[in-house]
Amino acid sequence: MDLTSIGGIVLGLASLVVAFVLEGGQLGSLFQITAAIIVFGGTFGAVIVSFPMEQLKTVPSLLKIVFTSKPKEPLTMIDELIKLATIARREGILALEEQIEDAKDEFFKNGIRLVVDGVDPELVRSILETELTYIENRHEAGAGVLEAAGGYSPTLGIIGTVMGLVHVLGNLSDVTKLGPLIATAFIATLYGVSSANLLYLPMANKLKIRSKQEILTREIMIEGILSIQAGENPNILGQKLKAFLAPKEREAKVKVKAAAGEANVETA
(Lines give C-alpha, C1' and ligand atoms only; values in the text may rest on other atoms or scores of the structure.)
Protein backbone atom coordinates (compact mmCIF):
# COMPACT_ATOMS: atom_id res chain seq x y z
CA MET A 1 0.00 0.00 0.00
CA ASP A 2 1.39 3.38 -1.03
CA LEU A 3 0.41 5.62 1.89
CA THR A 4 1.78 8.77 0.21
CA SER A 5 -0.83 8.56 -2.56
CA ILE A 6 -3.74 7.99 -0.16
CA GLY A 7 -2.44 10.46 2.42
CA GLY A 8 -1.90 13.17 -0.19
CA ILE A 9 -5.45 12.89 -1.55
CA VAL A 10 -7.00 12.83 1.93
CA LEU A 11 -4.90 15.83 3.03
CA GLY A 12 -5.79 17.80 -0.09
CA LEU A 13 -9.54 17.16 0.19
CA ALA A 14 -9.57 17.75 3.95
CA SER A 15 -7.74 21.06 3.53
CA LEU A 16 -10.37 22.29 1.08
CA VAL A 17 -13.30 21.22 3.25
CA VAL A 18 -11.85 22.51 6.54
CA ALA A 19 -10.96 25.90 5.02
CA PHE A 20 -14.48 26.17 3.57
CA VAL A 21 -16.11 25.39 6.92
CA LEU A 22 -13.80 27.82 8.78
CA GLU A 23 -14.93 30.56 6.39
CA GLY A 24 -18.50 29.90 7.55
CA GLY A 25 -19.62 27.69 4.69
CA GLN A 26 -22.19 24.93 5.07
CA LEU A 27 -20.69 21.50 4.40
CA GLY A 28 -23.89 20.26 2.78
CA SER A 29 -23.78 22.99 0.15
CA LEU A 30 -20.68 21.35 -1.39
CA PHE A 31 -22.66 18.26 -2.40
CA GLN A 32 -24.70 18.56 -5.59
CA ILE A 33 -25.62 15.47 -7.54
CA THR A 34 -26.33 17.20 -10.87
CA ALA A 35 -22.93 18.94 -10.87
CA ALA A 36 -21.25 15.60 -10.11
CA ILE A 37 -23.08 13.93 -13.00
CA ILE A 38 -22.04 16.66 -15.46
CA VAL A 39 -18.39 16.80 -14.36
CA PHE A 40 -17.54 13.16 -13.64
CA GLY A 41 -19.87 11.64 -16.22
CA GLY A 42 -18.76 14.12 -18.85
CA THR A 43 -15.06 13.59 -18.05
CA PHE A 44 -15.33 9.81 -18.23
CA GLY A 45 -17.27 10.10 -21.50
CA ALA A 46 -14.64 12.37 -23.05
CA VAL A 47 -11.86 9.98 -21.98
CA ILE A 48 -13.73 7.01 -23.45
CA VAL A 49 -14.05 8.85 -26.77
CA SER A 50 -10.34 9.76 -26.73
CA PHE A 51 -8.79 6.33 -26.20
CA PRO A 52 -9.29 2.83 -27.65
CA MET A 53 -10.86 0.18 -25.42
CA GLU A 54 -7.55 -1.75 -25.12
CA GLN A 55 -5.95 1.27 -23.47
CA LEU A 56 -8.95 1.99 -21.23
CA LYS A 57 -8.80 -1.58 -19.90
CA THR A 58 -5.39 -0.77 -18.41
CA VAL A 59 -6.84 1.92 -16.10
CA PRO A 60 -7.60 -0.45 -13.15
CA SER A 61 -4.03 -1.79 -13.23
CA LEU A 62 -2.73 1.79 -13.41
CA LEU A 63 -4.69 2.75 -10.31
CA LYS A 64 -3.31 -0.33 -8.59
CA ILE A 65 0.22 0.90 -9.35
CA VAL A 66 -0.58 4.36 -7.94
CA PHE A 67 -2.09 3.12 -4.68
CA THR A 68 -0.42 -0.20 -3.95
CA SER A 69 2.73 -0.77 -6.00
CA LYS A 70 6.17 -0.44 -4.49
CA PRO A 71 8.97 -0.57 -7.07
CA LYS A 72 11.85 -2.98 -6.57
CA GLU A 73 14.79 -1.26 -4.91
CA PRO A 74 17.69 -0.87 -7.40
CA LEU A 75 20.20 -1.80 -4.70
CA THR A 76 18.33 -5.03 -4.00
CA MET A 77 18.50 -5.81 -7.71
CA ILE A 78 22.24 -5.07 -7.75
CA ASP A 79 22.76 -7.45 -4.82
CA GLU A 80 20.91 -10.21 -6.70
CA LEU A 81 23.03 -9.64 -9.81
CA ILE A 82 26.26 -9.73 -7.77
CA LYS A 83 25.10 -13.02 -6.24
CA LEU A 84 24.40 -14.48 -9.70
CA ALA A 85 27.74 -13.21 -11.03
CA THR A 86 29.51 -14.98 -8.16
CA ILE A 87 27.66 -18.24 -8.88
CA ALA A 88 28.36 -17.94 -12.63
CA ARG A 89 32.11 -17.51 -12.05
CA ARG A 90 32.24 -20.36 -9.55
CA GLU A 91 29.89 -22.92 -11.13
CA GLY A 92 29.44 -21.73 -14.70
CA ILE A 93 26.67 -19.90 -16.61
CA LEU A 94 24.39 -22.96 -16.75
CA ALA A 95 24.09 -22.91 -12.94
CA LEU A 96 22.06 -19.69 -13.22
CA GLU A 97 19.03 -21.48 -14.67
CA GLU A 98 18.29 -23.12 -11.36
CA GLN A 99 18.81 -19.85 -9.47
CA ILE A 100 16.11 -17.93 -11.36
CA GLU A 101 13.35 -20.55 -11.14
CA ASP A 102 11.63 -18.68 -8.29
CA ALA A 103 12.17 -15.17 -9.71
CA LYS A 104 8.87 -13.30 -10.23
CA ASP A 105 10.14 -10.74 -12.74
CA GLU A 106 9.68 -12.15 -16.26
CA PHE A 107 11.97 -9.51 -17.80
CA PHE A 108 14.79 -10.59 -15.49
CA LYS A 109 14.14 -14.30 -16.02
CA ASN A 110 14.05 -13.93 -19.80
CA GLY A 111 17.36 -12.05 -19.78
CA ILE A 112 19.11 -14.72 -17.72
CA ARG A 113 17.61 -17.50 -19.88
CA LEU A 114 19.00 -15.85 -23.03
CA VAL A 115 22.44 -15.82 -21.41
CA VAL A 116 22.12 -19.45 -20.30
CA ASP A 117 21.05 -20.41 -23.84
CA GLY A 118 24.26 -18.88 -25.21
CA VAL A 119 22.62 -16.11 -27.23
CA ASP A 120 25.02 -13.52 -28.67
CA PRO A 121 25.51 -10.56 -26.26
CA GLU A 122 24.51 -7.97 -28.87
CA LEU A 123 21.30 -9.87 -29.56
CA VAL A 124 20.58 -10.17 -25.83
CA ARG A 125 20.98 -6.41 -25.45
CA SER A 126 18.81 -5.75 -28.50
CA ILE A 127 15.98 -8.02 -27.26
CA LEU A 128 15.96 -6.58 -23.74
CA GLU A 129 16.22 -2.94 -24.87
CA THR A 130 13.36 -3.44 -27.34
CA GLU A 131 11.19 -4.87 -24.57
CA LEU A 132 12.20 -1.98 -22.32
CA THR A 133 11.16 0.54 -24.98
CA TYR A 134 7.71 -1.03 -25.25
CA ILE A 135 7.34 -1.06 -21.45
CA GLU A 136 8.16 2.66 -21.40
CA ASN A 137 5.66 3.35 -24.18
CA ARG A 138 2.90 1.47 -22.32
CA HIS A 139 3.57 3.48 -19.18
CA GLU A 140 3.44 6.78 -21.09
CA ALA A 141 0.16 5.76 -22.72
CA GLY A 142 -1.31 4.86 -19.33
CA ALA A 143 -0.32 8.19 -17.78
CA GLY A 144 -1.83 9.88 -20.84
CA VAL A 145 -5.30 8.58 -19.93
CA LEU A 146 -5.16 10.25 -16.53
CA GLU A 147 -3.63 13.42 -17.97
CA ALA A 148 -6.48 13.60 -20.47
CA ALA A 149 -9.00 13.28 -17.63
CA GLY A 150 -7.16 16.10 -15.83
CA GLY A 151 -7.52 18.25 -18.93
CA TYR A 152 -11.21 17.55 -19.61
CA SER A 153 -12.41 17.82 -16.01
CA PRO A 154 -12.01 21.63 -15.50
CA THR A 155 -13.64 22.25 -18.88
CA LEU A 156 -16.61 20.07 -17.95
CA GLY A 157 -16.79 22.02 -14.68
CA ILE A 158 -17.06 25.29 -16.59
CA ILE A 159 -19.72 23.78 -18.83
CA GLY A 160 -21.68 22.70 -15.76
CA THR A 161 -21.42 26.19 -14.30
CA VAL A 162 -22.60 27.79 -17.53
CA MET A 163 -25.55 25.39 -17.67
CA GLY A 164 -26.40 26.31 -14.07
CA LEU A 165 -26.24 30.05 -14.82
CA VAL A 166 -28.42 29.60 -17.89
CA HIS A 167 -31.00 27.88 -15.70
CA VAL A 168 -30.76 30.58 -13.00
CA LEU A 169 -30.96 33.54 -15.39
CA GLY A 170 -33.89 31.93 -17.15
CA ASN A 171 -35.88 31.86 -13.91
CA LEU A 172 -35.47 35.31 -12.35
CA SER A 173 -38.99 35.47 -10.94
CA ASP A 174 -37.65 35.44 -7.38
CA VAL A 175 -34.60 37.74 -7.13
CA THR A 176 -33.98 36.83 -3.48
CA LYS A 177 -32.90 33.32 -4.56
CA LEU A 178 -30.50 34.60 -7.21
CA GLY A 179 -27.39 34.60 -4.98
CA PRO A 180 -27.74 31.03 -3.62
CA LEU A 181 -28.57 29.66 -7.07
CA ILE A 182 -25.49 31.28 -8.65
CA ALA A 183 -23.34 29.89 -5.82
CA THR A 184 -24.76 26.43 -6.50
CA ALA A 185 -23.93 26.76 -10.19
CA PHE A 186 -20.24 27.22 -9.36
CA ILE A 187 -20.11 23.85 -7.57
CA ALA A 188 -19.52 22.24 -10.97
CA THR A 189 -16.39 24.36 -11.49
CA LEU A 190 -15.24 23.36 -8.00
CA TYR A 191 -15.69 19.66 -8.82
CA GLY A 192 -13.91 19.98 -12.15
CA VAL A 193 -10.86 21.94 -10.98
CA SER A 194 -10.41 20.04 -7.70
CA SER A 195 -10.73 16.57 -9.25
CA ALA A 196 -8.20 17.50 -11.94
CA ASN A 197 -5.64 18.91 -9.51
CA LEU A 198 -6.16 16.55 -6.58
CA LEU A 199 -6.83 13.28 -8.41
CA TYR A 200 -6.15 12.90 -12.14
CA LEU A 201 -2.99 14.99 -12.65
CA PRO A 202 -1.23 13.90 -9.40
CA MET A 203 -1.98 10.24 -10.21
CA ALA A 204 -0.57 10.71 -13.73
CA ASN A 205 2.55 12.26 -12.24
CA LYS A 206 2.93 9.36 -9.77
CA LEU A 207 2.67 6.91 -12.67
CA LYS A 208 5.45 8.73 -14.53
CA ILE A 209 7.70 8.59 -11.46
CA ARG A 210 6.95 4.88 -10.96
CA SER A 211 7.75 4.33 -14.65
CA LYS A 212 11.14 6.06 -14.32
CA GLN A 213 11.96 3.96 -11.25
CA GLU A 214 11.05 0.75 -13.06
CA ILE A 215 12.98 1.73 -16.21
CA LEU A 216 16.08 2.48 -14.10
CA THR A 217 15.85 -0.91 -12.39
CA ARG A 218 15.51 -2.67 -15.74
CA GLU A 219 18.46 -0.75 -17.23
CA ILE A 220 20.49 -2.01 -14.28
CA MET A 221 19.22 -5.52 -15.03
CA ILE A 222 20.36 -5.31 -18.66
CA GLU A 223 23.85 -4.12 -17.78
CA GLY A 224 24.11 -6.67 -14.99
CA ILE A 225 22.98 -9.58 -17.16
CA LEU A 226 25.43 -8.65 -19.93
CA SER A 227 28.26 -8.26 -17.37
CA ILE A 228 27.50 -11.74 -16.01
CA GLN A 229 27.59 -13.09 -19.58
CA ALA A 230 30.97 -11.38 -20.08
CA GLY A 231 32.29 -13.07 -16.92
CA GLU A 232 33.12 -9.82 -15.11
CA ASN A 233 34.33 -9.81 -11.52
CA PRO A 234 31.32 -9.49 -9.13
CA ASN A 235 32.90 -6.61 -7.22
CA ILE A 236 33.55 -4.65 -10.40
CA LEU A 237 30.03 -5.48 -11.57
CA GLY A 238 28.61 -4.07 -8.34
CA GLN A 239 30.60 -0.84 -8.65
CA LYS A 240 29.57 -0.45 -12.29
CA LEU A 241 25.88 -0.91 -11.54
CA LYS A 242 25.93 1.44 -8.55
CA ALA A 243 27.10 4.15 -10.94
CA PHE A 244 23.44 4.24 -12.09
CA LEU A 245 22.45 5.54 -8.65
CA ALA A 246 22.89 8.88 -6.92
CA PRO A 247 25.55 8.88 -4.13
CA LYS A 248 22.87 9.17 -1.41
CA GLU A 249 21.08 6.08 -2.72
CA ARG A 250 24.31 4.07 -2.58
CA GLU A 251 24.96 5.22 0.99
CA ALA A 252 21.43 4.31 2.07
CA LYS A 253 22.15 0.61 1.66
CA VAL A 254 25.37 0.90 3.65
CA LYS A 255 23.53 2.62 6.51
CA VAL A 256 20.81 -0.05 6.50
CA LYS A 257 23.41 -2.79 6.66
CA ALA A 258 25.27 -0.97 9.46
CA ALA A 259 22.05 -0.54 11.43
CA ALA A 260 21.20 -4.20 10.97
CA GLY A 261 24.67 -5.15 12.17
CA GLU A 262 24.33 -3.01 15.31
CA ALA A 263 20.92 -4.55 16.03
CA ASN A 264 22.39 -8.05 15.74
CA VAL A 265 25.17 -7.13 18.15
CA GLU A 266 22.68 -5.79 20.70
CA THR A 267 20.42 -8.85 20.49
CA ALA A 268 23.43 -11.15 20.71
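Reader: How far apart are the end C-alpha atoms of residues 29–51, and how much of the span is helix?

Author: This is a predicted model, and in it those end C-alpha atoms lie 35 Å apart. The span is 78% helix and 0% strand.

Reader: What makes residues 29–51 a "transmembrane region" here?

Author: That label comes from UniProt, from an unreviewed entry. The record puts the feature at residues 29–51, 148–169 and 181–201. Such annotations may be inferred rather than shown by experiment.

Reader: And what does the chain look like over residues 181–201?

Author: Residues 181–201 are 95% helix and 0% strand, with 30 Å between the end C-alpha atoms.

Reader: Let's turn to helix 8 and helix 10. Why is helix 8 called roughly antiparallel to helix 10?

Author: Look at the angle. The axes of helix 8 (residues 121–169) and helix 10 (residues 187–230) cross at roughly 175°. Angles over 145 degrees count as roughly antiparallel, so helix 8 is roughly antiparallel to helix 10. The two axes also come within 7 Å. Sorted by class, their contact has 23 nonpolar, twelve polar and nine charged residues.

Reader: What makes ten of the lining residues of the largest pocket "charged"?

Author: Asp, Glu, Lys and Arg count as charged, and ten residues of that lining fall in this class. The others are ten nonpolar and six polar.

Reader: How many charged residues line the second largest pocket?

Author: None: that lining has twelve nonpolar and two polar residues, with no charged ones. Nearest the centre, among the 14 lining residues, are Leu13, Val17, Leu190, Tyr191 and Ser194.

Reader: Where does the lining of the second largest pocket come from?

Author: Helix 1 (3–22) and helix 10 each supply at least two residues. Helix 10 has the largest share, six residues. The space in this second largest pocket is about 350 Å³.

How values were computed
Residues are numbered from 1 along each chain as its sequence is written. This is a predicted model: local features need pLDDT of at least 70, side-chain atom pairs count only at pLDDT 80 or more; totals for chains, interfaces and linings use all residues. Side-chain values use heavy atoms; hydrogens and water are left out. Axes are lines fitted to C-alpha atoms, for helices over the stretch in contact, and angles run from 0 to 180 degrees between N-to-C directions. Helices (H or I, at least four residues) and strands (E, at least two) are DSSP runs, numbered from the N terminus. Angles under 35 degrees count as roughly parallel, over 145 as roughly antiparallel, 65 to 115 as roughly perpendicular and the rest as oblique. On a 1 Å grid over the protein atoms alone, a cavity is a set of points where a 1.4 Å probe fits but cannot get out, and a pocket is an open set with protein on both sides within 12 Å along at least five of seven lines; lining residues have an atom within 4 Å of a point. Grid points are joined across faces, edges and corners, and a volume is the space filled by probe spheres set on the points.
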